[in-house]
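Subject: Structure for your reading

Dear colleague,

Please find below the structure that I would like to hand over to you.

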Amino acid sequence: MRRETIHAWLLLLPALVLLVAFTHWPAIATLIDSLYATPHGSRVAPFVGIDNYTDLLDDPVFWQALRNNAWYAVATIPVSIVIAFLMALAVNEALPGRSLLRMAYFLPTMLPMIAVANIWLFFYTPDYGLFDRIMALFGGGRHNWLGDPTTALPAMIAVAVWKEAGFFMIFYLAALQTMPTDLREAAALEGSSRWNYLRRVTLPLLMPTTLFVLVNAVINAFRVIDHIVVMTRGGPDNATTLLLYYIYEVGFRFWDTAAAATATVVLLTIMALAAAFQFGVLGRRVHYR
Amino acid sequence: MMVALYRPIGRNLETVGAWLLGLLWMLPLLYAVWTAFHPAIYATHFDPAAPLTFANFKAAWQAAPFTRYLINTVMLVTLILTAQFVLCTLAAFAFARLTFPGRDLLFAVVLLQLMVMPDVLLVENYRTLVQLHLADTILAIALPYLGSAFGIFLLRQTFLTIPQPLDDAARLEGCGLLARLWRVYVPLAKPTYIAYGLVSVSYHWNNFLWPLIITNSVTTRPLTVGLAVFATTDQGIDWSIVTAATLMTSAPLLIAFLLFQRQFVQSFMRAGIR
């Protein structure tokens, strides 16, 4: 072998071993485990084929988790992206107190999700919480935001939007700041309205950023469940059980590792689709600067 | 010229809107700060004359081993950052400046981790670490994150922008491969190290689910898990103390952010544009 090849492998080896051991191998092992029963003690788990999958499809809680996660994603992603975009537009202008405003938007990103969850838990407390106090001003009564299945998931969505919008804002802001100013001057000379400029120039130029943010938002919608663990534990009546929380519960509360592996395969498939989307659409049609 | 084109009234409305949104975004934090610094009876009603107090912080600090949790988190973050810097630097250099068969394929395999993160492979990683007899150690929290595709990618991109003549000059002076890496590449990639470091530290300072699963004792729990245990079991609903504990655990990172706001924001931007 050439010396350079040997050097390259020596440099790569430590990182590769860890990457494969904790990312690639577990992903493959998940797939294998989903075809076997949950091992008990030292006995070898029997091969069960697609039984775990049929069991999973028969589990109404799994379907509810999937449905919840779909709603959660469908609401969280566009709302946080639109707010992020508006925030970026705002702090890109020379308005009073701009740096303070940028900090206000970005601050939730720096907080641990678990801290955010604690603060919002207090917000949502019946009677004492800020929400009920504000509702009381408008004549609303006591409401158990997290205890009511119809408001629990929207309550989680609000937390996620608050936490994430400022993070996505950063990428829009970075993109806005690299946009050539002569475009804007040209548009102004042509007498183009601001709305027109936004629609015809800014938005198309920000497409790469939007796609990048979109993929990240999709991944986060399926990856982050810290607030669920702390605030609702998936309840009430599984109303806030997201897919990863379902996996966590099945794997580490019921210790049914085969069922957890099977559900993880579903989650990995969703992430693979997001990856395919990024490499397919983003890789080919979109160019950065 | 721009200003003249648009009616100032619209502009003012936008400013007001931006600030309303800003206030809305600040509200939860302001509320938490208010609750933490005032006696419990003021937690649920606002009174400008309410006396300030540090009693909630004191009570929280004494009610749970937060000192230990803080030490655990600092050790965890230091371990992860050091290992990531070393491992990613070596790998990134190989991908950026060495040619060997299968390089591009291998790089693509590494990049898969950007999509399939260890965060979702809880069950298998837990099993692996139990088999290695490492469960409930700080090393176990760190291990899945040490080989970081994100870090390798960021550093490789940076190394590619470093002019080859600099490398050649060092080679002519008789520098070996590692010496060139250390003397030429690492110093010139300093902004990337800062960016990656800040993103990594804030990620792992705040990480929760994996540490929750893999740790089981006071001597290993990071702050986030310690806070969750404290807030759910030890306290009833004494919100003043819970919010004080919440602010305490987030404080080091928040203070660092407020002091180095520009670097943080630029780091997140730099790390995001890829």
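Predicted model: local features only at pLDDT ≥ 70, side-chain atom pairs only at ≥ 80, totals over all residues.

The predictor assigns the complex an ipTM of 0.84 and a pTM of 0.87. For chain B, the mean pLDDT is 85, and 91% of the residues reach 70 or more. Residues 1–5 of chain B stay under 50 in pLDDT, and the model has 3 contacts for them beyond four places in sequence.

The two chains

Chain A has 13 helices and 0 strands. The C-alpha trace of chain A spans about 75 × 75 × 30 Å along its principal axes. Of its 289 residues, 43% count as buried. Among contacts in chain A with a separation of 6 or more, 69% are between residues 24 or more positions apart.

Chain B has 15 helices and 0 strands. Its radius of gyration is 24 Å, well over the 19 Å that the globule rule gives for 274 residues, so chain B is more spread out than a compact globule. The C-alpha atoms of chain B fill a box of roughly 75 × 70 × 35 Å along the principal axes. Of the 274 residues of chain B, 43% count as buried. When contacts in chain B between residues at least 6 apart in sequence are considered, 76% join residues at least 24 apart.

Where the chains meet

The nonpolar core

The largest nonpolar core has 165 residues, and A84(A), M169(A) and A91(B) touch the most other members. Helix α7 (residues 149–177) of chain A gives the most to this core, with 18 residues. Leaving out residues up to four places away in sequence, A91(B) touches L11(A), L12(A), A15(A) and I152(B).

A91(B) can also be set against A49(B): the two are 42 residues apart in sequence, while their C-alpha atoms are 59 Å apart in space. A49(B) is found in the loop between α2 and α3 (55–63) of chain B. Is A49(B) buried or exposed? A49(B) counts as exposed, because it has 5 C-beta neighbours inside 10 Å, and a residue is exposed if that number is 12 or fewer.

Most residues other than glycine have a negative phi.

D237(A) has a phi near 55°, a positive value in a residue other than glycine. D237(A) is found in the loop between α11 (226–231) and α12 (243–252) of chain A. With 10 other C-beta atoms within 10 Å, D237(A) is exposed.

W255(A) has a positive phi of about 55° although it is not a glycine. W255(A) is found in the loop between α12 and α13 (257–285) of chain A. W255(A) is exposed, with 12 other C-beta atoms within 10 Å.

Two further residues of chain B

K58(B) has its place in helix α3 of chain B. K58(B) is exposed, as it has 12 other C-beta atoms within 10 Å. The C-alpha atoms of K58(B) and N207(B) are separated by 25 Å, and the two residues are 149 residues apart along the chain.

I194(B) is found in helix α11 (residues 190–206) of chain B. I194(B) has 16 other C-beta atoms within 10 Å and is therefore partly exposed. Which residues does I194(B) contact, leaving aside its neighbours within four places in sequence? I194(B) is in contact with Q263(B) and S267(B). For I194(B) and S267(B), 73 residues apart in sequence, the C-alpha atoms are 7.2 Å apart in space.

With kind regards

Methods: Residues numbered from 1 in each chain as written. Chains lettered and ligands numbered in written order. Helix = DSSP H or I, 4+ residues; strand = E, 2+ residues; numbered from the N terminus. Rg over C-alpha atoms; globule rule 2.2 N^0.38 Å. Buried ≥ 20, exposed ≤ 12 C-beta atoms within 10 Å, placed from the backbone. Contact = placed C-beta atoms within 7 Å. pLDDT = per-residue confidence, 0-100. Core = buried A, V, L, I, M, F, W, Y, C linked by C-beta atoms within 7 Å.
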